[in-house]
Amino acid sequence: KKLFLDGGNDTYITSDSSDLVQYFVGGTEMLRMTEDSTDFVMIPDNVRLSVGTGNDLQLSHNGSNSFIANYVGDLTFENHEADKDIIFQTDDGSGGLTPYLTLDGSATAIKVAKNLELADSVQLRAGSGDDLKIHHDGSNSFIIGAGTGNLIISQQTNDADIILKSDNGSGGTTNYIQLDGSEVETVFNQKIKVEDSKAFAIGSG
């Protein structure tokens, strides 16, 4: 039941059932083809499926974890079907699958479905020159306009407000400054303290 290929006894093709063909090289099973209700072409554990003359792209499973490894050039994921997506999904904690990151071809948008967590001192940057930076350094949080132009906070919902809140001294939070969209006024909900030698100006002059 074995077809030997190298004149020895360790490289051969064999079939021990009507639905299975196995390929051995040097005594190691390198490939298995199964046709029944499963229809699998299977690479066994710790055998790497490689692409490229230098084995540049490798796909493998070590019995516990799976790996896609690239050793030359960029690793590019492409979807050429119009208006379709590239979806990264994993277990949702309850045994099912949920998308975590979707490259949405029809919406031309990147959709993040779960919390995006950045480590301390790692910045979320926007602008081709990294003009806006948001980060937490382990002690404090920062929103930094670090490049071109003004830092603008805009509320575009009709009659809605911009509210600056902070701790109220008792473990809760309270409004300190409110830009009231419906009343078209700025409301200071707490007292204003002006430090010595500093000026508090009212009026255009």
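## Group meeting: a walk through a spread-out chain of strands

G172 sits in the loop between β15 and β16. Strands here are DSSP runs of E with at least two residues, helices are runs of H or I with at least four residues, and both are numbered from the N terminus. Leaving aside neighbours within four places in sequence, G172 is in contact with S166 and D167, where contact means heavy atoms within 4.5 Å.

Before I go on, a word on what you're looking at. This is a predicted model, in which local features need pLDDT of at least 70 and side-chain atom pairs count only at pLDDT 80 or more, while totals for chains, interfaces and linings use all residues. Residues are numbered from 1 along each chain as its sequence is written, and side-chain values use heavy atoms, with hydrogens and water left out.

Okay, the whole chain. How many helices and strands does the protein chain have? The count is 0 helices and 17 strands. The radius of gyration is 31 Å, well over the 17 Å that the globule rule gives for 205 residues, so the chain is more spread out than a compact globule. That radius is taken over C-alpha atoms, and the rule is 2.2 Å times the number of residues to the power 0.38. Along the principal axes, the C-alpha atoms fill a box of roughly 100 × 40 × 35 Å.

Buried residues make up 10% of the 205 residues. Take the contacts between residues at least 6 apart in sequence: 0% of them join residues at least 24 apart. Here's a pair to look at on screen: E117 and I153 are 36 residues apart along the chain, and their C-alpha atoms are separated by 23 Å. E117 itself is in the loop between β11 (109-112) and β12 (124-126), and it is exposed, with a relative accessible area of 69%.

The chain has 13 positive and 31 negative charges, and their mean positions are 6 Å apart.

Now let's zoom in on E29, in strand β4 (residues 28-34). Is E29 buried or exposed? E29 counts as buried because its relative accessible area is 14%. What does its side chain make polar contacts with? One partner is the side chain of Q22, at 3.2 Å, and another is the side chain of R32, at 2.7 Å. A polar contact here is a pair of N or O atoms within 3.5 Å; within protein, one must be able to donate a hydrogen and the other to accept it, and residues adjacent in sequence count only if both atoms are side-chain atoms. Beyond four places in sequence, E29 is in contact with Q22, Y23, F24, P44 and V47.

Next, G145, in strand β14. G145 is exposed, with a relative accessible area of 51%. L132 is 13 residues away from G145 in sequence, and their C-alpha atoms are 4.8 Å apart. Skipping neighbours within four places, G145 is in contact with D131, L132 and L151.

Last, some backbone angles. Most residues other than glycine have a negative phi. D159 isn't a glycine, yet its phi is positive, at about 65°. You'll find D159 in the loop between β14 (141-145) and β15 (162-167), partly exposed at 47% relative accessible area. V184 also has a positive phi, near 50°. V184 lies in the loop between β16 (173-180) and β17 (185-188), and it is exposed, with a relative accessible area of 72%.

Definitions and conventions: Buried means under 20% relative accessible area, exposed over 50%, partly exposed in between (1.4 Å probe, protein chains only). Lys and Arg count as positive and Asp and Glu as negative; His and the chain ends are not counted. The place of a charge is taken as NZ of Lys, CZ of Arg, CG of Asp or CD of Glu.
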